[in-house]
Amino acid sequence: MNAMTQARAPVQDIPHYRPTGDECTLFEMAHKNGLPLLLKGPTGCGKTRFVEHMAARLGQRLYTVACHDDLSAADLIGRYLLRGGATEWVDGPLTRAVREGAICYLDEVVEARKDVAVVLHPLTDDRRTLMIDRTGEELKAPPGFMLVASYNPGYQNVLKRMKPSTRQRFLAASFDFPDPETETAVVATESGLDAVRVAPMIRLAGRIRSLSGMDLEEGVSTRLLIYAATLVAGGMGLDRAIEAAVIEPLTDDEDVRTALRDLVATTW
Ligand code: ADP
């Protein structure tokens, strides 16, 4: 079945996502017009959930690839594999998405090897074509196909920057941690802990995120707050939950941990 004709997911099957701006409209317009979309933002702020939500809402199949520094173009496109004594071509997730007119989400795309950019270029301009050198195929992406990629601008070093020649082929949207009211609602919904008990955690997150000069690579993510709230909902004491879900994951530095504990003590 062509992905464009796929039934939309019933509302209860659509992953919960609370918009923080006009990102849903932007995604819908990008999809309708066959334009690729780049999501920029820190880890754990809701990018993946947003894509899952939108794919389900649009009734599109989603192929998600978590990119890493060993991921090559062949991993996305496919390769010949030996099966029962014969070689057989097996499509990679990107090829499958193009053939089916599905959505392909490349999470942390800057981590991938350089040859991935070469594959993405003809797919992200008006050609919308995937070249499969190994089989000699040139696949024209059908209307439902959409490429979504994400990266975390905060992490990038000089070697792992997204080149302007690639970046400028995408529509782009910046993501950040939601405002306190939205984040409270998200953490309460995801963890099952009531909003009144979530509120102090969100206050703490705000204070941690505004810390400067401390040796923290990133502020606490919404994901970690959901973990903490899940522990508290399960009966764990607040301080212990914050220790396990926030302080320990954030840093290995004992001095920084001590400073964070002091901050926690003055937040409640
Ligand atoms: P990212 O892809 O940015 O690393 P995720 O999409 O995995 O982050 O988000 C981490 C968790 O935070 C998700 O599992 C989801 O529960 C929650 N989350 C963050 N923002 C939102 C939001 N706006 N609406 C609903 N859930 C959200």
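Two strands are taken to pair if DSSP finds at least two bridges between them. Helices (H or I, at least four residues) and strands (E, at least two) are DSSP runs, numbered from the N terminus. The model is predicted: local features need pLDDT of at least 70, side-chain atom pairs count only at pLDDT 80 or more, and totals for chains, interfaces and linings use all residues. Residue numbers start from 1 along each chain as its sequence is written.

Strands β6 (residues 129-132) and β7 (residues 137-140) run antiparallel and are joined by four bridges. Met-131 stands opposite Glu-138 in β7. The two strands form a hairpin, with four residues between them. Gly-136, in the turn, has a positive phi of about 75 degrees.

An open sheet is built from five strands, in the order β2-β5-β8-β1-β9. Its pairing is parallel. β2 (62-66) and β9 (171-174) stand at the edges with a single partner strand each, so one side of each has no neighbour in the sheet. From one strand to the next, the twist averages 15 degrees. Within the sheet, β5 (residues 103-107) and β8 (residues 146-151) run parallel and share four bridges. Cys-104 has Leu-147 of β8 as its bridge partner.

Helix α1 (residues 23-32) lies across β1 (37-40), β8 and β9. It runs at about 165 degrees to β9. Axes here are lines fitted to C-alpha atoms, for helices over the stretch in contact, and angles run from 0 to 180 degrees between N-to-C directions. Contact between two residues requires C-beta atoms, placed from the backbone, within 7 Å.

Helix α7 (residues 180-191) has twelve residues. From first C-alpha to last it reaches 16 Å, close to the 16 Å expected at 1.5 Å a residue (1.5 Å times one less than the number of residues). Its buried residues are Glu-183, Thr-184, Val-186, Val-187, Ala-188 and Ser-191. A buried residue has 20 or more other C-beta atoms within 10 Å of its own, with C-beta atoms placed from the backbone. The cover over these residues includes α8 (195-209) and α9 (222-233). Just after α7, Gly-192 takes a positive phi of about 85 degrees.

Helices α10 (residues 238-250) and α11 (residues 254-265) pack at an angle of about 140 degrees, with axes 11 Å apart. Asp-239, Ile-242, Ile-247 and Leu-250 in α10 meet Arg-257, Leu-260, Arg-261 and Val-264 in α11.

Terms used. A residue is buried if 20 or more other C-beta atoms lie within 10 Å of its own, exposed if 12 or fewer, and partly exposed in between; C-beta atoms are placed from the backbone.
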